[in-house]
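Look at the structure below. This report covers its ring pairs and its charged pairs.

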Amino acid sequence: MPTTSADPAPTRSFWVPVICGAVILTIGIGARQSFGIFQKPIALDLKVGRELWSFGNALSMLLMGVLSPFVGNVADRFGTARTVAAGGAVYVAGMLMIAAATEGVLLTLGNALTGVGMAAAGFGPIFGAITRQTPAEKRSIALGVATAGGSFGQFAVVPIASLLQERLGDWHLTMLVLALGSIVMIPLTLGLREDRGGAPARPGTAPAQTSREALHEAFGSRSFWLLTVGFFVCGFHVAFVGLHLPAYISDKGVGMTALGITVSPLELGGWAIGLVGLFNIFGSLLWAWLGSRHKRKDMLALLYLLRSAVFAVFLIVRCRGSASSPLRPRSASCGSARCR
């Protein structure tokens, strides 16, 4: 039967942007979370303190946060697919710059570019594209799958990066491999394309806000400030652990042997961060379920309280373990200001 002009145009499955967005986050977040394994190699190679790499990473995270509110307007103007593709290209360029760095300036600039790139190729624009192309009754599961992509990337990519660093013994080459692998993010943005040019405005839809109007409204909201402070602390925890835990494990020479397989301290540091991502998948599902049955603000407060308790237990165990070690006197460990 011939198609008439009144027939609706065929549409693709909403799973296309969901899967493409999830894979983009898997690659981008995974590679970004692997930066902690480069802490010691870069400091040794460039003969600098670890604060150089730490500063570069902090700058990257701050730029990603500062630019994120404005990326949505850019995506509305030029399209989500183009915005995420441009962000992916900037992200890869930053990683290539880091891979080629032989001094601090290039290293810091490369980190800055990765922050700018991840702002444009991160959760905000991708979630926006998925939300607009997914039926209302399917949005929760769609966004859950995309969120899991970022956590899965941390689980899958970070251990691989640590294994590469262990085998290759050259952080420049390891970073280059991660950069080349991240190029896959760019063609995947084709799955985020939207056709909204001829779509009529829905009744009751509020007029689009400018960035200045949106920020003015947000800054005047007490809830916004409370949530921002909470997320700032959350991000600080995640970034601190991801950047410094692998180096700490390597410093202590903590390896393991399981099923006849020896895992070096460097690889174990990668697996430690990878496991954080793995359990974050299950944790996201658990707390999403709890949030649907209890007040979300109460669940968020409980989550932060439990996280603080875990950090406290880690510090207590670490200090007691150092104090009881025959290889290190108490005055050199828990007697110092670090454990007070």
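## Terms and model

Buried means under 20% relative accessible area, exposed means over 50%, and partly exposed lies in between (1.4 Å probe, protein chains only). This is a predicted model: local features need pLDDT of at least 70, side-chain atom pairs count only at pLDDT 80 or more, and totals for chains, interfaces and linings use all residues. Residues are numbered from 1 along each chain as its sequence is written, and side-chain values use heavy atoms, leaving out hydrogens and water.

## Aromatic pairs

The structure holds 12 aromatic pairs. Rings of Phe, Tyr and Trp (its six-membered ring) pair if their centres lie within 6.5 Å; planes under 30 degrees apart count as stacked, over 60 as edge-to-face and the rest as tilted.

Phe 38 and Trp 53 have ring centres 6.5 Å apart and planes at 65°, so this pair is edge-to-face. Both residues are buried. Ring pairs also link Phe 35, Phe 38 and Trp 53 into a cluster.

## Salt bridges

There are four salt bridges. Each is a side-chain nitrogen of Lys or Arg within 4 Å of a carboxyl oxygen of Asp or Glu.

Asp 251 and Arg 50 meet in one of them (2.9 Å, N to O). Asp 251 is partly exposed at 41%, and Arg 50 is partly exposed at 32%. Lys 40 joins Arg 50 and Asp 251 in a network of salt bridges. Glu 267 bridges to Arg 167, with the closest N and O atoms 3.7 Å apart. Glu 267 is buried, at 9%, whereas Arg 167 is exposed, at 58%.
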